[in-house]
Amino acid sequence: MDVGRLNLEWASELIGTLVDAGVTGWVISPGSRSTPLALACGQFEGLKIAVLPDERSAAFFALGMARSSGEPAGVIATSGSAPANWFPAVIEASRDLLPLVLVSADRPVELQDCGANQTIDQNRLFGAHVRGFIQLPHADPAPSMFRRVRFDAARAADLSRWPHPGPVHVNVPFREPLVPECAAFSNRVTARSVSEPAVAGRPRVAPVSEATARISSALDGRPGLIICGRGRFGTRFHDRVSALGDRLNCPVLADPLSGLRFGSHRSKRVVSHYDTFLRAAGFVRERGPAWVLRFGGTPVSRTLERYLRDVGDAMQILVSPSGDWPDPALGMVHVVHADPAETCAALLEAAPSPGPGEWQKMFLEAEHRERKRLDDGRELPLEAQVIRTVLSRSPGGTRVFCGNSTVIRDVDSFSGTAPHPLKLTGNRGASGIDGNVSTVMGMSAASAGPVVGLVGDLALYHDMNGLLAARDLDVTLVVFNNGGGAIFSYLSQANLPAFERFWLTPTGLDPRRIAALYGITHCRVEDAKGFGEAFSGSISGPGASMIEVLIDRVDSVRRHRDFWSGTGG
């Protein structure tokens, strides 16, 4: 028997079924034991395949593909410690409900627990952070075993999407030889024995009538808030939640990753500057809602999170289609597991009475005041000016990745709203700064339009290897270089004698040299005018470029605090 050929047919059945199920983006890290899987990917036309030698970067690249497309992306690695490098991306995908299919090659059972090279226990390697673990048997020519491979592959793709989207791990042992005996084996799949792919249908869950009636009664004629956190909602939800805000006469507080700040949906009640005006103690004391209706993940704003903890007896209602409870304030009294757009439609049909006009007027007036201060722009931090330039000059449809730490918080505070469609995203599942660059590159690989990444200098340092893929992409990476972990300047650690040594940790690395190492165009700017010129050139041209924005950390902290202290209630 040609074991190498059997391995290839086995891998082709697995990969082919996953492709049939919609897993058409793949990231491969080279290795020996994973040879049949890589060869199998090469046999299928129309796949988007990236080859990245760093498994950690590869997994975040795949995560970026899934984030951009909404469909599962596949990752392949060899045996041993290689798949362990996926772990940070697996955690992010799990926490942010992103579909990934992780396919690890493994050594056969006879090489386990005997000191064989590159052999570890890969069984359930990722524990509770995956939606499922599937251990395939060794390649077996029996038709019944090939049917089993197809069944498990289709199930893996389905588990990554529903009922709780996230990563799925498939572990595949291979015996040697790993390459078919005939060096001229066909580049087309000949062994696959299925012509009709398995199709898994997924429901759009509407709220039950009793839940709708209870919620409608709680909202009826009372002052309240709709809060939209991050999520892949789509235009149906955007239109319906805007209409629901109109119906209830209430403000809609939109997180930057909710999709509601930018787009053509009706947005006259969408509020984006709450992170600033909710800092005013007077506003918070005098303006408590009777109810809070929440959609999506936990909002970025810590100010809003504190406000939700302090709203007292307000009835808090969470709409969560996937079964999770994103509620750090522990204030939910009613959780509805239903599609957000269907829930809005049901509440519109129930037609609760609008709340008092004075209630929503206070929020909209506060929003207007903050918008005027931002439009003035004279004392804004440079980061705010850069972010507003990116959002105003990016073409419609641009995907903007917002890095963690200070970047996403500045986007939250300073982005505002606009009618042109932009798609803001970020890795807010675990909110780490690892893998940000690779995620941006994966998004670019899976997107037809422009992609902009906003990251800090430490995020660049953590994921420099992600730049390896940039040379083949049209992407603009904006790096805020503030000399390390500047976010700690706003926390109590800033007062400690060892602040710079243990928390600020400036790397001393030069982003210009980093860009040169990876063959990427670099530009360094120190003010808003210089950034505007550099960005306009980058976003309109082909290829990958890095714009480094030099930030005076002390001046930045002062300007942030001055802006926040100037808020009114």
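Reader: What volume does the second largest pocket have?
Author: The second largest pocket has a volume of about 720 Å³. A pocket here is an open set of points on a 1 Å grid over the protein atoms alone, with protein on both sides within 12 Å along at least five of seven lines, and lining residues have an atom within 4 Å of a point. Grid points are joined across faces, edges and corners, and the volume is the space filled by probe spheres set on the points. Please keep in mind that this is a predicted model, in which local features need pLDDT of at least 70 and side-chain atom pairs count only at pLDDT 80 or more, while totals for chains, interfaces and linings use all residues. Residues are numbered from 1 along each chain as its sequence is written, and side-chain values use heavy atoms, with hydrogens and water left out.

Reader: How many residues line the second largest pocket, and which lie nearest its centre?
Author: The lining has 36 residues, and Ser405, Thr406, Arg409, Ile487 and Tyr490 are those nearest the centre. Two or more lining residues come from each of helix 10 (302-309), helix 14 (406-414), helix 16 (457-462) and helix 20 (553-565), and helix 14 gives the largest share, six residues. Helices (H or I, at least four residues) and strands (E, at least two) are DSSP runs, numbered from the N terminus.

Reader: How do the residues of that lining divide by class?
Author: They divide into 14 nonpolar, 12 polar and 10 charged residues, where Ala, Val, Leu, Ile, Met, Phe, Trp, Tyr, Cys and Pro count as nonpolar, Asp, Glu, Lys and Arg as charged, and the others, Gly among them, as polar.

Reader: And how many cavities of 30 Å³ or more are there?
Author: The structure holds five of them, a cavity being a set of points where a 1.4 Å probe fits but cannot get out. The largest cavity has a volume of about 60 Å³, and its lining includes Arg294, Glu305 and Asp327.

Reader: Changing topic, is Glu383 buried or exposed?
Author: Glu383, which lies in helix 13 (residues 382-393), is buried yet has no salt bridge, and the nearest side chain of opposite charge, Arg559, is 7.7 Å away. Buried means under 20% relative accessible area, exposed over 50%, and partly exposed in between (1.4 Å probe, protein chains only). A salt bridge needs a side-chain nitrogen of Lys or Arg within 4 Å of a carboxyl oxygen of Asp or Glu; for charge, Lys and Arg count as positive and Asp and Glu as negative, while His and the chain ends are not counted.

Reader: Which residues does Glu383 touch, then?
Author: Leaving out residues up to four places away in sequence, Glu383 touches Asp410, Phe480, Ile551, Ser556 and His560, with contact meaning heavy atoms within 4.5 Å.

Reader: Why is helix 15 described as largely enclosed?
Author: Nine of the 10 residues of helix 15 (residues 436-445) are buried, so the rest of the structure largely encloses this helix. Those buried residues pack against several elements, including helix 3 (55-69), strand 15 (451-456) and helix 16.
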